[in-house]
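Please have a look at it on the screen before I go on.

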Amino acid sequence: LQPGFLWIGALLEKLFPNTQLDLERAEIELPAKNFLTACIFSSLLYAVGLFAFSAIVGFVTTGFDFAFSVFAALVFFAVFLIVTAFSPKVSAMQLSSEIDRTLVLALRSILVQVSSGSSLYDAMVNIAKSNYGIVSLEFKKVIQSINSGDSEIEALEKIALNSKSEYLSRACWQILTALRSGSSLANSITSVIDLLLGEQERNIKSFSSELNLFLLLYLLFAAA
């Protein structure tokens, strides 16, 4: 993108103020104004393509309706711009969901290791080396940060502040609270695990009730 066009993205950033945070959580290394400028140009390109296609079809068949083609192109432009502008948020949510799926297992592993006498650092090293998907990658960042000179508290704070997963952030804050206060690390991790399991159970019940509603509607329409 030419730097002269970035003012467009800067204006759009006022309409989508969380774009930079969503890009960071989706691990997309791009300034928000660059991303939004690209969004508006790609949306414009597709809208022009749609207008040209509708014009060609109109001339070949029943005739070209200029007003309708312009309206359809503008609607498509707006919809595609909104969809692409929110795509980092969707990607971040997908990453967060992937983290949450394996987080309970990783926390249980840390709990077992800490309860059996291992240090928190050794437990995190084992998680980083294990196959817990993005959770392992997140703890690998913690270990790299510690090996670079940060304290455990500083390294965990970075993950707590920047994690894509609300529950991983909560887990890190609970661990940080235990480290700072000298309270039981095992109890803090246990409380996070219980919170996660409760949330997962509520999500399953919510999905089950929605599914039952859809099945009921399907049976009613099928009987009719």
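What volume does the largest pocket have? Keeping in mind that this is a predicted model, the volume of the largest pocket comes out at about 250 Å³. It is lined by 15 residues, and those closest to the centre of the pocket are Arg25, Met93, Ser96, Lys164 and Glu166. Helix H5 gives the most to this lining, with five residues, while H2, H8 and H9, like H5, each supply at least two. Sorted by class, the lining of the largest pocket holds six charged, five nonpolar and four polar residues.

The second largest pocket has a volume of about 170 Å³, and its lining includes Glu24, Glu138, Lys141, Lys158 and Lys164. Here helices H7 and H8 each contribute at least two residues, and the lining divides into six charged, three nonpolar and two polar residues.

Let me turn to how some of the helices pack. H1, residues 6-15, and H3, residues 32-60, have axes 7 Å apart and meet at an angle of about 100°, and the two helices are therefore roughly perpendicular to each other. Their contact, by class, has eight nonpolar, three polar and two charged residues.

H5, which spans residues 87-115, also packs with H6, residues 120-129, where the axes come within 9 Å and cross at roughly 145°. This crossing is right-handed, and among the residues that meet are Ala106 and Ile110 from H5 and Leu120 and Ile127 from H6.

Notes:
Residues are numbered from 1 along each chain as its sequence is written. This is a predicted model: local features need pLDDT of at least 70, side-chain atom pairs count only at pLDDT 80 or more; totals for chains, interfaces and linings use all residues. Side-chain values use heavy atoms; hydrogens and water are left out. Axes are lines fitted to C-alpha atoms, for helices over the stretch in contact, and angles run from 0 to 180 degrees between N-to-C directions. Helices (H or I, at least four residues) and strands (E, at least two) are DSSP runs, numbered from the N terminus. Angles under 35 degrees count as roughly parallel, over 145 as roughly antiparallel, 65 to 115 as roughly perpendicular and the rest as oblique. Ala, Val, Leu, Ile, Met, Phe, Trp, Tyr, Cys and Pro count as nonpolar, Asp, Glu, Lys and Arg as charged, and the others, Gly among them, as polar. A crossing is left-handed if the near helix is turned anticlockwise from the far one by less than a right angle, and right-handed if clockwise. Contact means heavy atoms within 4.5 Å. On a 1 Å grid over the protein atoms alone, a cavity is a set of points where a 1.4 Å probe fits but cannot get out, and a pocket is an open set with protein on both sides within 12 Å along at least five of seven lines; lining residues have an atom within 4 Å of a point. Grid points are joined across faces, edges and corners, and a volume is the space filled by probe spheres set on the points.
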